[in-house]
Amino acid sequence: MPLDNVAGERDITVFEAKAAGDVNGDGLADIIIGAPFANADDAVNDNAGKSYILFGTDYTNSITQQGSEAADTLTGTTAAESFIGGFGDDILMGGGGADVLYGGAGDDRMVISDSSFQRIDGGAGTDTLALDGSDLTLDIADVRGLVRNVEHIELTGSGDNTLDVKLRDLVNLSDTSNRLIVTGNAGDQVISIDQDWTRGGTEVIDGTTFNTYTNGAAELLIDTQVTAVISATFPDQSFSLEENSAAGIVIGEIDVESVGNTIDNVVFTDPNGPFTTEFDANLL
Ligand SMILES: [Ca+2]
Ligand SMILES: [Ca+2]
Ligand SMILES: [Ca+2]
């Protein structure tokens, strides 16, 4: 191990070396080295120890492509590859296969075209896992522990993609957030059933409208263009009418949407409130 990477000027005696995680956020694991007596000549603090950080590098020559300190786009093939974006807002396109994609610092975008990856880790920042292609189903329970530090999943691709996510996996997706944002377009879907979600109102982020679902500290925001197969409870709503109300006062609307002879949705709309409550007939 080349100790010339250690930030320090004096020869030291190393007593202990510990894995420190990714201290500088470049996507590479760093090591903390404990050096007792490293301050032996220091008149202020005789014989005090010091800790040094050995910044990680590709010791095993296992990284296929490593980004710079700026924003990079790293493009892979169907072969197994390891990419590290490093600093900057990087785009890592795995291209399929047993890929390892580390975003590192910055808001990174990691693109997968199948679910045979070995590790996805966005690192620091707000990071996106994007599903490329079509007819791809990502069941987070199937890749439990392999996806880390992802705050946004994008289903758009070139066709219809599906995300299946359970509560316990959602809260483990990111070290810094319990909120998962899912974007996509018509034909994409999110499945999260039997997870005790509570349906909230809508939220607009950067011009995109999301339906919101909560359970304790966990938040799931789903693009309204995406089909949400969610077994959620709804906040209580009341429609009331004054005893002396004039005839013809509207306190709400009930719309029953049907496909052929089958009820598809029942929608309650309160004209004075924030909620439109939609019951999918499949979940009734
Ligand atoms: Ca970079
Ligand atoms: Ca690949
Ligand atoms: Ca990142």
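# Briefing: a predicted chain of strands

The secondary structure of this chain comes to one helix and 23 strands. The model is predicted, with a mean pLDDT of 83 over the chain. Of the 284 residues in the chain, 30% are buried. Of the contacts between residues at least 6 apart in sequence, 40% join residues at least 24 apart.

**Confidence**

- A pLDDT of 70 or more is reached by 75% of the residues.
- Residues 1-8 have a pLDDT below 50, and this stretch makes nine contacts in the model beyond near neighbours in sequence.
- Where pLDDT is low, the predicted coordinates should not be read in detail.

**The open sheet**

- Five strands make up an open sheet with parallel pairing, and their order is β4-β6-β8-β10-β13.
- Its edge strands are β4 (65-66) and β13 (147-148), each of which pairs on one side only.
- Two bridges link β4 to strand β6 (residues 82-84), in the parallel sense.
- Across this pair, Gln65 stands opposite Phe83 in β6.
- Strands of a sheet pair through backbone hydrogen bonds, either parallel or antiparallel.

- Strand β9 (residues 109-112) pairs with β11 in the parallel sense over four bridges.
- Within that pairing, Leu129 in β11 is the bridge partner of Met110.
- β11 also runs parallel to β14, joined by three bridges.
- The bridge partner of Ala130 in β14 is Glu154.

**The nonpolar core**

- The largest nonpolar core contains 39 residues.
- The residues with the most contacts inside this core are Leu101, Met110, Leu129, Leu180, Val182 and Ile222.
- Two of these, Met110 and Leu129, are the bridge partners named above for β11.
- Ile222 touches Val182, Val190, Phe210, Asn211 and Ala228, leaving aside residues up to four places away in sequence.

- Asp160 sits in the loop between β14 (152-154) and β15 (162-164).
- Asp160 counts as partly exposed because 18 other C-beta atoms lie within 10 Å, whereas a buried residue has 20 or more and an exposed one 12 or fewer.
- Leaving aside residues up to four places away in sequence, Asp160 touches Ser134, Asp135, Gly187 and Asp188.
- One of these, Gly187, is 27 residues from Asp160 along the chain, yet their C-alpha atoms are separated by 5.0 Å.

- Most residues other than glycine have a negative phi, and most peptide bonds are trans.
- Asp196 has a positive phi of about 55° although it is not a glycine.
- Asp196 is placed in strand β17 (residues 189-205), and is exposed because 12 other C-beta atoms lie within 10 Å.
- Asp206 also has a positive phi, of about 50°, and is not a glycine.
- Asp206 belongs to the loop between β17 and β18 (208-215).
- With 5 other C-beta atoms within 10 Å, Asp206 is exposed.

Definitions and conventions. Residues are numbered from 1 along each chain as its sequence is written. Chains are lettered from A and ligands numbered from 1 in the order in which they are written. This is a predicted model: local features need pLDDT of at least 70, side-chain atom pairs count only at pLDDT 80 or more; totals for chains, interfaces and linings use all residues. pLDDT is the predictor's confidence in each residue, from 0 to 100. Two residues are in contact if their C-beta atoms, placed from the backbone, lie within 7 Å. A nonpolar core is a set of buried Ala, Val, Leu, Ile, Met, Phe, Trp, Tyr and Cys residues joined through C-beta atoms within 7 Å. Two strands pair if DSSP finds at least two bridges between them.
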